[in-house]
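User: Got a model I'd like to go through. Can you walk me through it?
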Amino acid sequence: YDVYASRGMEYNVQLQQITVTAGGNSPVDFRLKRAVRTKGAISIDSHIHSGRSLDTSAPLRDRVASFAGEGVEVMISTDHDKNIDYSSFINDFGLQSRMTSIIGNELTGSVPAPPAFPNSYGHINAWPLTVSANQPRDGAIQDEFTAPNWIFSQLRDAGAEVIQYNHPRAGVS
């Protein structure tokens, strides 16, 4: 087997070839070298989907493990139409000194109001937000049949400091 190891863009990728016999195991030992120095910078991913999103199957715990392995320091959850917090999984792994979670959302509703918005307003990421476990979609705002200006206002009222359009001209697919 070919076994690859990486730790994000700051480190090199290494390959080890191993043989595993039936019923046996084969240990691997990687010593990754730092290839890029990033003093004073942080590694962030601001568009993350988990199994709670309509287009991804990865469990939240696995998402945190994979991002920790790649050296991501800030995870911003942006599941479709759901507010998600990775903090409990970060804490379970004991990584709270190396990673943090920011709750976000990717709003994906459509606007059936031709001609101004004939198909869709695209997808909108927003953060930081909060999780409200007793609310529909864990507190995500209602975005179906809603114009973007109302959505922006509601997101600001919910605490969002960053609102970004994702592929706004993609239409409904």
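This is a predicted model: local features need pLDDT of at least 70, side-chain atom pairs count only at pLDDT 80 or more; totals for chains, interfaces and linings use all residues.

User: Fine. How many helices and strands are in the protein chain?
Analyst: The chain has three helices and eight strands. Along the sequence, they run β-β-β-α-β-α-β-β-β-α-β.

User: What share of the residues counts as buried?
Analyst: Of 173 residues, 34% are buried. As for contacts with a separation of 6 or more, 63% are between residues 24 or more positions apart.

User: Salt bridges next. How many does the structure hold?
Analyst: Five. One of them joins Arg34 and Glu10, with 2.2 Å between the closest N and O atoms.

User: Where do Arg34 and Glu10 lie?
Analyst: Arg34 is in the loop between strands S2 (14-17) and S3 (44-48), and Glu10 is in the loop between S1 (2-5) and S2, so the pair ties together parts 24 residues apart in sequence.

User: Are they buried or exposed?
Analyst: Arg34 counts as partly exposed, at 36% relative accessibility. Glu10 counts as buried at 17%, because the cut-off for buried is under 20%.

User: Which residue does Arg31 pair with?
Analyst: Asp29, in a salt bridge at 3.3 Å, N to O. Arg31 is exposed, at 60% relative accessibility. Asp29 is partly exposed, at 45%.

User: How does the lining divide by residue type?
Analyst: Seven nonpolar, four polar and six charged.

User: Tell me about Val72. Where is it found?
Analyst: Val72 sits in the loop between helix H1 (60-69) and strand S4 (74-77). At 10% relative accessibility, Val72 counts as buried.

User: Which residues is Val72 in contact with?
Analyst: Ser43, Ile44, Asp45, Phe67 and Met99, leaving aside neighbours within four places in sequence.

User: How far apart are Val72 and Asp45 in space?
Analyst: They are 7.1 Å apart, C-alpha to C-alpha. In sequence, 27 residues separate Val72 and Asp45.

User: Last topic, helix H3. Which of its residues are buried?
Analyst: H3 covers residues 148-157, and its buried residues are Pro148, Ile151 and Leu155. Seen down the helix axis, these fall within an arc of 55°, so they line one face of H3.

User: What's on the other side of H3?
Analyst: Asn149 and Asp157, which are exposed there.

User: Which strands do the buried residues of H3 pack against?
Analyst: Strands S6 (105-107), S7 (123-127) and S8 (162-166).

User: What comes just after H3?
Analyst: Gly159, which takes a positive phi of about 110°.

Conventions. Residues are numbered from 1 along each chain as its sequence is written. Side-chain values use heavy atoms; hydrogens and water are left out. Buried means under 20% relative accessible area, exposed over 50%, partly exposed in between (1.4 Å probe, protein chains only). Helices (H or I, at least four residues) and strands (E, at least two) are DSSP runs, numbered from the N terminus. The arc is that of the directions from the helix axis to the C-beta atoms. Contact means heavy atoms within 4.5 Å. A salt bridge is a side-chain nitrogen of Lys or Arg within 4 Å of a carboxyl oxygen of Asp or Glu. Ala, Val, Leu, Ile, Met, Phe, Trp, Tyr, Cys and Pro count as nonpolar, Asp, Glu, Lys and Arg as charged, and the others, Gly among them, as polar.
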